[in-house]
Amino acid sequence: MDQAKINYHAGEAKGQAQEKTNQTIEKINDSAQSAKQSVQETSQQMMAKAQGAADAIKDSTGMNK
């Protein structure tokens, strides 16, 4: 095999590896963004429930007047 073919195949392999790396990084970023949104939504739900519980306690003890 001559040097030109070797260089061509090496470049081709490098390009394919880079593309796979880019795809993997994109999947990781998408997963991280999804997890972040899930945590934020869960946090908001927990805060709303805690506020509801606090309001219920205030109502039952007469502190909300």
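Partly exposed describes a residue whose relative accessible area lies between the buried limit, under 20%, and the exposed limit, over 50%. The model discussed here is predicted.

Q: Why is Glu 19 called partly exposed?
A: The relative accessible area of Glu 19 is 42%. Buried needs under 20% and exposed needs over 50%, so a value of 42% makes Glu 19 partly exposed. Glu 19 belongs to helix α1.

Q: How do you know that the span of helix α1 agrees with its number of residues?
A: Helix α1 runs over residues 3-61, which is 59 residues. At 1.5 Å a residue the helix should span 87 Å, and its end C-alpha atoms lie 86 Å apart, so the two values agree. Within the protein, Glu 19 and Ala 56 are separated by 37 residues in sequence and by 56 Å from C-alpha to C-alpha. Just after α1, Gly 62 has a positive phi of about 80 degrees.

Q: What makes the protein more spread out than a compact globule?
A: The protein has 1 helix and 0 strands. Its radius of gyration is 28 Å, whereas the globule rule gives 11 Å for 65 residues; 28 Å is well over that, so the protein is more spread out than a compact globule. The C-alpha trace spans about 90 × 10 × 5 Å along its principal axes.

Q: What share of the residues in the protein is buried?
A: Buried residues make up 0% of the 65 residues, where buried requires a relative accessible area under 20%. The protein exposes about 5,900 Å², with 55% of that supplied by carbon and sulfur atoms.

Conventions. Residues numbered from 1 in each chain as written. Predicted model: local features only at pLDDT ≥ 70, side-chain atom pairs only at ≥ 80, totals over all residues. Heavy atoms only, no water. Helix = DSSP H or I, 4+ residues; strand = E, 2+ residues; numbered from the N terminus. Expected span 1.5 Å × (residues − 1). Buried < 20%, exposed > 50% of the residue type's maximum accessible area, 1.4 Å probe, protein only. Rg over C-alpha atoms; globule rule 2.2 N^0.38 Å. Areas by Shrake-Rupley, 256 points an atom, 1.4 Å probe, with all protein chains shown as cover.
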